[in-house]
Amino acid sequence: MAFTISALIFFASRLSPIDPINAMVPPDMAADSANLVQLREELGLNDHIILQYFHWLKDIMTGEFGYSLQSGQKISEILALRMPATLELVLSALILSTILALTLGLFAGAKRGGIADKLSRVFAVIGIAVPDFFIGLALLNVFAYRVEWLPTGNRIAPGQVTFWDRFPHLILPVATLTIAMLAVLIRYTRNSVLDTLNRDFVMTARSKGVPEWRVLYSHVFRNSLGPVMVILAFRLPLLVGGSILVETVFQWPGIGTTIIAAVSASDYPVIMVISMLIAMVILVASFLVDIVKSLLDPRVRLGGGK
Amino acid sequence: MSKKNHDQQSTTQIFISNFLHNPSGVIGLIIISTLMISAIFAVQISGVEPDYIDPINSRLGPSWDHLMGTDQLGRDMLSRILSGARQSIYIGVLASFLANLIGTVLGAIAGYLGGKIDTVVMRVSELVMTFPQLILVLIFVSLLGQGINNVIIVFALTGWMTTFRLVRGEFFSLREEAFVEADRAFGFSKPRIIFKHLLPNTMSPIVVAFTVNIAIFIIAEAGLSFLGLGVPVTTPTWGNLLTAAQNPVVVNEYWWLWVFPALSIATFVLGVNFVGDGLRDVLDPRHKSLITKNKWKKFLVGRFGSKK
């Protein structure tokens, strides 16, 4: 699988009409064609395309990601610089949105028409209809410009080092991403809880006289986690890819903004490496889904069932 | 409506009357058609051409002359938003149609034939689905270049999976039905069975997926153009109007430049989703029992829709 994806990514990038030499050499230096030919030879661009693919694959495997066409920097250096920012942002948003969505979804499902249910509907409408960067812009306008409580963007201001200096910068992007992620998650949790509530074992538990909160927590909640976990696992690739729009709105120096810069400049080595990484995370994520599912469902764990 | 009435009406009439008894569908339809009609008469409504530059009156807030203010070049925002609606809706509808076409054909073939083809297409769809959509779109855009038609193609290529899964699922259950067996006994060719006999039976999920996809693509276009990588800036689309908000000064002081385009996106997308919900209720046989005249009453009293 990983092999297929890498091949796809490689050959797709070679389909693009951009000649890497043109991107690397400024036009005024391109007049010296003898040097160009030599450069081409050194970079292995004259080799057969299949051979080039295996070269690239070997490099990727050994952690040799190559250089950015745009800045000439090592891609691994760019990633090392940008990755922590994206991880910080996406991980906080993932954790926060999961906790919020599970709580809201559980209560919304348990008591339909209650406050949690209404709240979750509001979030669902926002999540469906409003582009996520608009949430960011609105938050930015209110909290950063109108009341000036929070900084307008960037991860860190000059001269600030500790985590607590960085913390205010984190609030708005994380809030935006959390709201954007909430909608789908709440809906899934709610529907899943509703489905579970209708199952026989819930009635059994209730008729045994188990207190309602325990029914909800240890019977309903655990059994409705399955579909929610799948959604979560599908979001793991964001950890590497970052959220492009949110990062752009807040000028967050993460992978998302790196992708944008790379795409605008046709910096295809960078795009290839990042897509490769995302693909890897996807594979890991789908593996995780299977594991988590088996942990949650004793039938799968014991290898029984059908 | 009484039982007797039911027998006399054609299916279309039943469908229409059912739809009219569905509040969310009707409200959605009203929203969409209002926006579409005003988009057609964009110039007449706002009284100004969308490209008319008037530097003296630039960056005016909303007023009676310019209901939604003017932009950096003094162009009327209302006029631009309404003509942006044309482009955005065009992109959404066409891309959704193409995505559905791909999804339906693949889903029909994979679902009916099963086996190896099914496994391969299923794997591909899983892969495309898990890959963060925007990044995938960006990669494609970097390969194909910008432009309104490229955006549509890219959306179609990255958005067919939902339809594919729905159609495939339907075909899986339908292919065991007796009438399909009869078809096979008659010796009908596979394409004929798949497209002439089975496909019409899967129309309702396809129609619903079509509306949902329109909403998704319109939002995606907004995001893509906001980043400056979608439709070229010269064409006003809702997303391109939002590009102005890349500038912090605009976010801070000229709120009408980004709030109004975003609100029009939100309104239209909500409308499309409402219609989708309505269609789902009317078309899905499992929801049939829910269709009563009382729904409007229920709706007005405050309970919204029929969600479970």
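**Exercise 1.** Is B:Asn100 buried or exposed, going by the other C-beta atoms within 10 Å?

*Solution.* Keep in mind that this is a predicted model. Start with the location: B:Asn100 is part of helix α5 of chain B, which covers residues 77–113. Next, count: there are 25 other C-beta atoms within 10 Å. Then apply the cut-off, which is 20 or more for a buried residue. So B:Asn100 is buried.

**Exercise 2.** Find which residues B:Asn100 touches, leaving out residues up to four places away in sequence.

*Solution.* Go through chain B and you'll pick up B:Thr163, then B:Ile206, B:Ala209, B:Phe210 and B:Asn213.

**Exercise 3.** Work out what chain A brings to its contact with chain B.

*Solution.* First, the tally: 33 residues of chain A meet 29 residues of chain B. Now sort the chain A side by helix: those supplying at least two residues each include α1 (2–15), α6 (115–129) and α15 (268–296). The top contributor is α7(A), with six residues.

**Exercise 4.** Locate B:Val269 in the largest nonpolar core and list its contacts.

*Solution.* The core in question has 145 residues, and B:Val269 is among those with the most contacts inside it, along with A:Ile259 and B:Phe155, for example. Skip neighbours within four places in sequence, and B:Val269 contacts A:Ile128 and A:Ala129 in chain A, plus B:Ala215, B:Ile218 and B:Ile219 in chain B. Of these partners, B:Ile218 is also one of the core residues with the most contacts.

Key
Residues numbered from 1 in each chain as written. Chains lettered and ligands numbered in written order. Predicted model: local features only at pLDDT ≥ 70, side-chain atom pairs only at ≥ 80, totals over all residues. Core = buried A, V, L, I, M, F, W, Y, C linked by C-beta atoms within 7 Å. Buried ≥ 20, exposed ≤ 12 C-beta atoms within 10 Å, placed from the backbone. Contact = placed C-beta atoms within 7 Å. Helix = DSSP H or I, 4+ residues; strand = E, 2+ residues; numbered from the N terminus.
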